[in-house]
Amino acid sequence: MTTWPTGVAGPAWGADYNPEQWPESVWADDVELMRRAGVNLVSVAIFSWARLEVEEGRYEFGWLDRVLDRLHQAGVRVDLATATASPPPWLTTAHADEVLPVTAEGVRLSHGSRQAYCPSSTVYREKAVALARALAERYRDHPALAAWHVNNEYGCHVARCYCDRCAAAFRAWLRARHGTLDALNEAWGTAFWSQRYTAWEQVLPPRATPSFGNPGQLLDFDRFSSDALLELFKAERDVLREVTPDVPVTTNFMVTWTFGALDYWKWAAEVDFVSNDHYTRAEDDERHVELAFSADLTRGLAGGAPWLLMEHSTSAVNWQARNVAKLPGELRRNSYQHLARGADGTLFFQWRQSRAGAERYHSAMVPHAGPDTGVFREVARVGDEYGRLAELLGSTVEARVAIVYDWESRWALGQPAHPTSDFDYQANALALYRSLWHAGVTVDFVRPGADLAGYPLVVLPALHLVDDASPYEEHVAGGGHLLVTHLSGTTDTRGHVHLGGYPGPFRRLLGVRTEEFHPLRAGQVVTLDDGSTAAVWTEHLHVEGAEVVASYVDGPLPGVPAVTRREHGSGVARYLACGLTGDGLDRLVRAALADAGVPPGVPGVEVVRRRGALSGTPVSWLIAVNHGGSDAELPATGVELLTGARASGRQVVPAGGVVVVREEV
């Protein structure tokens, strides 16, 4: 099985290409501009269902034939979409009850935007699979075909559907997971509030109710909904593999600050290569740090293998409250950040900025103002540079710190009726990552239960759903270092609270016991005796063998431990029992790195190392991105690939610039 788009020379560079939005007279200009921009891969037909199947069972492929032929003649490879991301109005009108999704409040959504389908709709699935088969049979031998792109951004707008079809599918999923009603009742704790079920027909999705829903039901419905969309993907993927077994299949994930509805650890196992869409938060002054977080997490999903950035933006997007344009050089830095962190290609949404439609103000490689623009010149510059970087393909990223990331814990902690609504799983994980990023340390993300060997330091940001902490005990006993944050180990994987004190199964390893949570009031900040401050969270912690690193000076718990450290076997386990902020979190992370023997990186510049081989000889490449306003220097010896200049011990990284050095030992 091929696991990468075929025939792409060098890092992939291109965009979603939507020629159906333009008269055919524009297509020749598109191809010429692609040549100027160094484009070698485009995604085609993502939202073309209405143009491809103009009425039920009647396909019109002529226009797409001409597009693919033209791209092939220009040497541009095609990631061909199955076009099933948005069913056409003829389908949703004829089969409204069978296709359209329903909200928790019982409102049936209509067509008129995109993604107007229910994950459990057999009508939608049959039509989508039929279209995928028709495309595969027509284009299986087309010389431009490099990969298949199934659907688009599953769950982006309809991650959960609550209709009767989904209710029946949910019950079937629950039977497979729990087996019996008695087991379901136990897992959901239905003795509370007289919720015990005596027949499967009584079990429903978590629709709108008078008060808080059942936490076990909510968690299982999140699991089911992720699986239901995955089954849709697999249905299309399987027909593509049947017809075109040598063409790799992917779908674009959304590992980003805006989305957390799917368990991508499960999804990653079902694609031939991982691809991702990422957009920065325009008003975040450190948006490049969240970009690095998402890129590292995407690489984790890929298991360290090459992955593809399917979408990012050349400049402003259209869907944030204030769509701030990127600064000169930012799209270049963003592209190289992804490349540094394991991507073997970076594409944009989209090629040509739309004149009409909901995304007409979303930036593109060719802006409304045309190619005589700063955006297009920067696009062409990076395309030219990527042509010199083919030797990086297939290389892997070096990292010595792991973060355990868990979508199910994220779902559980996002439920209502928790000790505070101010805690945010993603923000907590990003805060820890930010401290590691500022320390110049590259991070791998791993799933719960992953092999931790080779990581001197492992971080657990609110690993909430834990049945057994023994793998982490073994890691520390064997010499590893562990940093565990509050709200880890609070419940088992059913959502049942571990009794005897928090953090449940981590108590023995950490040498602590919390008797009660003390979340802080809105805007409240407390001080620790080392000068640090904390917000959002504190807890009444007792040490039972741990060393106290810092305690509260004020707030609800003066004198109570807030940060602890315990030696266990040959390693060290730390517990962060509060919402440590700013410099205090940075100091804690740096202390954990020092204990674990992980040296800090170069201050003020983002540096990542990829490793691979050339002609059988091991090689490393140092990729450095300077987000600051002043030139920076870093130790380096080798050849800077973008300029061809030699680095002899030192390499200057210009302000706002990028360097790629093939290192010499």
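**Pockets and cavities of the chain**

Author: The chain has 18 helices and 28 strands in its secondary structure, where helices (H or I, at least four residues) and strands (E, at least two) are DSSP runs, numbered from the N terminus. The radius of gyration of the chain is 26 Å, close to the 26 Å that the globule rule gives for 665 residues, so the chain is as compact as a globular protein of that length. This radius is taken over C-alpha atoms, and the globule rule is 2.2 Å times the number of residues to the power 0.38.

The model is predicted: local features need pLDDT of at least 70, side-chain atom pairs count only at pLDDT 80 or more, and totals for chains, interfaces and linings use all residues. Residues are numbered from 1 along each chain as its sequence is written, and side-chain values use heavy atoms, with hydrogens and water left out.

Of the 665 residues in the chain, 60% are buried; buried means under 20% relative accessible area, exposed over 50%, and partly exposed in between (1.4 Å probe, protein chains only).

On a 1 Å grid over the protein atoms alone, a pocket is an open set of points with protein on both sides within 12 Å along at least five of seven lines, while a cavity is a set of points where a 1.4 Å probe fits but cannot get out; lining residues have an atom within 4 Å of a point. Grid points are joined across faces, edges and corners, and a volume is the space filled by probe spheres set on the points.

The largest pocket holds about 1100 Å³ of space. Its lining consists of 46 residues, and Phe-47, Ser-113, Arg-114, His-157 and Glu-359 lie nearest the centre. Helix α2 (residues 49-52) gives the most to this lining, with three residues. By class, the lining of the largest pocket has 18 nonpolar, 18 polar and ten charged residues. Here Ala, Val, Leu, Ile, Met, Phe, Trp, Tyr, Cys and Pro count as nonpolar, Asp, Glu, Lys and Arg as charged, and the others, Gly among them, as polar.

The second largest pocket has a volume of about 680 Å³. Among its 30 lining residues, Pro-215, Gln-415, Ala-417, Gly-495 and Val-497 lie nearest its centre. Both α8 (181-188) and α9 (215-243) supply at least two residues of this lining, and α9 gives the most, with four. The lining of the second largest pocket divides into 17 nonpolar residues, twelve polar and one charged.

The largest cavity has a volume of about 100 Å³. It is lined by 15 residues, of which Thr-280, Ala-282, Ser-315, Val-324 and Lys-326 are the closest to its centre. Six nonpolar, five polar and four charged residues make up the lining of the largest cavity.

For the second largest cavity, the volume is about 60 Å³. Its lining includes Arg-341, Trp-437 and Gly-440, together with Val-441, Thr-442, Val-602, Val-605, Glu-606 and Val-607. These residues divide into five nonpolar, two polar and two charged.
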